Amino acid sequence: MEIKSVGVVGAGQMGNGIAHVMAVAGYDVLLNDISGEALEKAVATIRKNLDRQVSREKIAAEDRDAAMARIRTTETLTDLGETDLVIEAATEREEVKNKIFETLVPSLKPETILTSNTSSISITRLASKTDRPERFMGFHFMNPVPVMSLVELIRGIATDQETYEACLAVVDKLGKTAASAEDFPAFIVNRILMPMINEACYTLLEGVGNVRSIDEAMKLGANHPMGPLELADFIGLDTCLAIMNVLHDGLGDTKYRPCPLLSKYVEAGWLGRKTKRGFYDYRGDEPVPTR
């Protein structure tokens, strides 16, 4: 099956990035969100990011204009039924994703491939709630999508080879690199990354170092481009906590126990950059550590 059109569920940070790269690669994109305001913001963000790529000579102005022309938006989820590939990029909560699939599935073409951008939830379990587990898989982009070159492709227990190869062809057309992961909690990247961030939270909680010293130590001592607490703020502390809970529940090992300090920040609504406060306070001209 040749994929020509892509439906994206969710117009947030990940969804608008996915729509961006798909449109640049030549796919017709239908972007969905329950909020018209979110859709308007997403289109503006895509335009701004495409303008930045033009200014840096990554793409030509005519390619930007052609990409923008390929993007349509809708607040009606079932409109995505006309597309060849659907990528769900809603919030990292299983009950939300299942509700989306329940609403969407009756409108899909029989041959449509259904995928999730989940960063940690079982693909097999999500697929089992649909009518097409053999045509369902994980399609996990890294953030920020236009910049990061990796895509994790995760097969559930029922995913067939044709579906995998069709998704692999899409990744190739995007100019990105696929990493094939088995369907275990958090897959590859977050299975390794999130425990490091969680350990940084414990290091902060125990007073081994403060926010700035922990981040500087990892940037200068391990050559990481961002410190783990700065990175957590960028990802979203609620997302980090959700993934740690998936790891802890799914693997049953105490080494994956979410740090109480991470939970406390999420309870406070200090989720990182998106709420202007997390391990850093972003309300001023420069980020200021909150501990």
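## Two domains

The C-alpha centres of domain 1 and domain 2 lie 26 Å apart in this model, which is a predicted one. Along the protein chain, domain 1 covers residues 5–182, while domain 2 covers residues 190–282.

## Where the domains meet

Seven residues of domain 1 are in contact with six residues of domain 2, and the two domains bury about 530 Å² between them, with 56% of this area on carbon and sulfur atoms. On the side of domain 1, the residues that lose the most area to domain 2 are E92, S119 and S120, which together account for 56% of what that side buries.

Turning to the links across this boundary, the count of salt bridges between domain 1 and domain 2 is zero, whereas one residue pair, with both members at pLDDT 80 or more, is in polar contact between domain 1 and domain 2. The residues on the side of domain 1 that touches domain 2 comprise one nonpolar, five polar and one charged.

## Aromatic pairs

A pair of aromatic rings is described by the distance of the centres and the angle of the planes. The structure holds five aromatic pairs, among them the pair of F139 and F141, whose ring centres are 5.2 Å apart and whose planes stand at 10°, so that this pair counts as stacked, the cut-off for stacking being planes under 30 degrees apart. Both of these residues, F139 and F141, are buried.

Another aromatic pair is formed by Y265 and F279, with 4.7 Å from centre to centre and 35° between the planes, and this pair is tilted.

How values were computed
Residues are numbered from 1 along each chain as its sequence is written. This is a predicted model: local features need pLDDT of at least 70, side-chain atom pairs count only at pLDDT 80 or more; totals for chains, interfaces and linings use all residues. Side-chain values use heavy atoms; hydrogens and water are left out. Domain bounds come from an automatic or database domain assignment. Contact means heavy atoms within 4.5 Å. Buried area is the accessible area (1.4 Å probe) that two parts lose on being put together, summed over both. A salt bridge is a side-chain nitrogen of Lys or Arg within 4 Å of a carboxyl oxygen of Asp or Glu. A polar contact is a pair of N or O atoms within 3.5 Å; within protein, one must be able to donate a hydrogen and the other to accept it, and residues adjacent in sequence count only if both atoms are side-chain atoms. Ala, Val, Leu, Ile, Met, Phe, Trp, Tyr, Cys and Pro count as nonpolar, Asp, Glu, Lys and Arg as charged, and the others, Gly among them, as polar. Rings of Phe, Tyr and Trp (its six-membered ring) pair if their centres lie within 6.5 Å; planes under 30 degrees apart count as stacked, over 60 as edge-to-face and the rest as tilted. Buried means under 20% relative accessible area, exposed over 50%, partly exposed in between (1.4 Å probe, protein chains only).
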